[in-house]
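Welcome! Keep the structure open as you read.

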Amino acid sequence: MVGEKAISKAVIKRLPRYYRYLSELMDSGVERISSGELSGRMHVTASQIRQDLNNFGGFGQQGYGYNVQYLYEEIGKILGLDKRHNMIIIGAGNLGQALANYENFEARGFVTKAIFDKNPELSGKKVRDIQVYKMEELEGFLANNEIEIAALAIPKTGAIVVAQRLVNCGIKAIWNFAHTDLNLPKDVMVENVHLSESLMRLSYNINRHEMEQSVK
Ligand code: NAI
């Protein structure tokens, strides 16, 4: 499977998209696919696909193309989706509840074990079957449960302090929705998700399109 060499961030960023396309191909009964066909579907050049997949030993065979299920499973392993990842969510507001309600994360191996919120009125409530706890219970819960990922769904004020508490309890992976940089030690993995930045990129494209139309 995967060698020891470091894989570029750009490739890693593209892997979930390969995974999604391969999942769709499997659902529609496709057993093998050439890099050319995959390229047509994904709007990525065939050479880019070959280059990307060569990082992991290729998986393809000359004249045969790629075995869809094998490639899907191997990319899943590279992404760690063959393992279970226990998660907690900090913040039981709109966003925290939406994350907790999304059952598909579980299908991918991401299992939310608890939600924490500073509002004591939410304590004891459940989102699906996931319980909301008080922030005072955080350290005890983390000491007694194997949790790998913490999702931060709270405002930026407070996010840095909470992130530090999580790190002090041994959390090494933070899925950060709070609008702030967390500046944590290097061995803590932070994945920032900012939907508004994505919207701003869309807005930029709308702007550019309108400008192009106006000069025509
Ligand atoms: P909300 O107001 O519905 O919920 C926030 C919850 O966090 C509340 O239940 C509150 O009691 C709790 N909370 C606040 N400070 C806390 C702390 N220090 N410790 C524990 N719990 C705390 O807000 P919503 O809509 O759920 O959004 C939450 C945050 O996520 C907002 O600050 C928002 O800016 C951000 N957000 C980020 C997005 C992104 O794409 N990155 C998208 C949507 C929201």
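The buried residues of helix α2 pack against α1 (9-27), β1 (32-33), α3 (46-54) and β3 (65-67). Please keep in mind that this is a predicted model. The points below start with that helix and then move along the chain.

**Helix α2**
- Helix α2 covers residues 35-42, and its buried residues are S35, L38, S39 and M42.
- Looking down the axis of α2, you will find these buried residues within an arc of 105 degrees, so they line one face of the helix.

**Two domains**
- The chain is divided into domain 1, spanning 9-78, and domain 2, spanning 85-196.
- Between the C-alpha centres of domain 1 and domain 2 there are 32 Å.

**A98 in helix α5**
- Residue A98 sits in helix α5, which runs over residues 94-101.
- From A98 to R41 the separation is 57 residues in sequence and 31 Å in space, C-alpha to C-alpha.

- L199, L202 and I206 make a nonpolar surface patch of about 300 Å².
- One of these patch residues, I206, is found in helix α9, residues 195-215.
- I206 counts as partly exposed because its relative accessibility is 45%.

Technical notes:
Residues are numbered from 1 along each chain as its sequence is written. This is a predicted model: local features need pLDDT of at least 70, side-chain atom pairs count only at pLDDT 80 or more; totals for chains, interfaces and linings use all residues. Side-chain values use heavy atoms; hydrogens and water are left out. Buried means under 20% relative accessible area, exposed over 50%, partly exposed in between (1.4 Å probe, protein chains only). Helices (H or I, at least four residues) and strands (E, at least two) are DSSP runs, numbered from the N terminus. The arc is that of the directions from the helix axis to the C-beta atoms. Contact means heavy atoms within 4.5 Å. Patches are made of residues with over 30% relative accessible area and no salt bridge: like charges are joined within 9 Å, nonpolar side chains (Val, Leu, Ile, Met, Phe, Trp, Tyr) within 5 Å. Accessible areas come from the Shrake-Rupley method with a 1.4 Å probe; for residues, only the protein chains shown count as cover. A salt bridge is a side-chain nitrogen of Lys or Arg within 4 Å of a carboxyl oxygen of Asp or Glu. Domain bounds come from an automatic or database domain assignment.
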